[in-house]
Amino acid sequence: CNKVSSGGRMHILINGKLSDAVEKKIKVDIERSDAPKNLPISNTELCSLIVNILDNAINAALETENPYIKLDFHCKNDNFIFICENNMTDKKKKPSSEHGYGLKIIYNIMKKYNNMVRIVTGENTLKISLVIPLTGHKK
């Protein structure tokens with residue numbers, strides 16, 4: 001796994017969204033930021049995944065007193081792992097007909113690639129993890 005170069009597509013997407021978060025007074029913490037130069041998904045799908053995850057995190061965090069987003073992306077055992085954690089209010093845990101399209105998009109893209117999406121909610125937190133195999137995948 002190599003560090004993403006400054007011109008890398010994921011680096012640009014994440015930095016743009018995190019700049020938005022910082023402008024909105026959301027504390028941003030990046031634990032690790034290692035990623036492969038290429039992922040076995042299209043640019044459009046990668047953009048949809050990152051944008052939906054970070055938009056959801058920003059919107060949920062904004063409704064809290066001390067908003068934060070924590071990211072961790074790295075490679076482990078021939079997989080790329082992307083984790084986004086944010087705080088949220090209790091009301092965000094209740095399903096609504098007005099919300100959830102972002103998660104549906106995330107699940108649909110990941111299902112196409114037989115990959116894993118895991119969402120864990122804690123006391124006023126939400127953590128979404130994506131695992132993308134880097135080997136043995138054929139589009």
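This is a predicted model: local features need pLDDT of at least 70, side-chain atom pairs count only at pLDDT 80 or more; totals for chains, interfaces and linings use all residues.

Mentor: In helix 3, the buried residues include Gly102, Ile106, Ile109 and Met110.

Trainee: Where do they sit around the axis of helix 3?

Mentor: They share one side of helix 3, because they cover an arc of only 95 degrees around the axis. In an α-helix there are 3.6 residues a turn, so residues three or four places apart point the same way.

Trainee: Which exposed residues are on the face turned away?

Mentor: Tyr101, Asn108, Lys111 and Lys112.

Trainee: And what do the buried residues of helix 3 pack against?

Mentor: Helix 2 (43-62), strand 4 (116-122) and strand 5 (125-133).

Trainee: How many residues does helix 3 have?

Mentor: It has 12 residues, 101-112. From first C-alpha to last it reaches 17 Å, close to the 16 Å expected. Just after helix 3, Asn114 takes a positive phi of about 55 degrees.

Trainee: New topic. Is Asn86 buried or exposed?

Mentor: Asn86 is buried, because its relative accessible area is 3%, and buried means under 20%. Asn86 is found in strand 3, residues 79-87.

Trainee: What is Asn86 in contact with, leaving aside neighbours within four places in sequence?

Mentor: Its contacts include Ala57, Ala60, Ala61, Tyr68 and Ile69. Asn124, Thr125 and Leu126 are also among them.

Trainee: Last one. What is the mean pLDDT of the protein chain?

Mentor: The mean is 82, and 83% of residues reach 70 or more. Over residues 2-7 the pLDDT is below 50. Beyond near neighbours in sequence, that stretch has 13 contacts in the model.

Conventions
Residues are numbered from 1 along each chain as its sequence is written. Side-chain values use heavy atoms; hydrogens and water are left out. Helices (H or I, at least four residues) and strands (E, at least two) are DSSP runs, numbered from the N terminus. Buried means under 20% relative accessible area, exposed over 50%, partly exposed in between (1.4 Å probe, protein chains only). Contact means heavy atoms within 4.5 Å. The expected span of a helix is 1.5 Å times one less than its number of residues. The arc is that of the directions from the helix axis to the C-beta atoms. pLDDT is the predictor's confidence in each residue, from 0 to 100.
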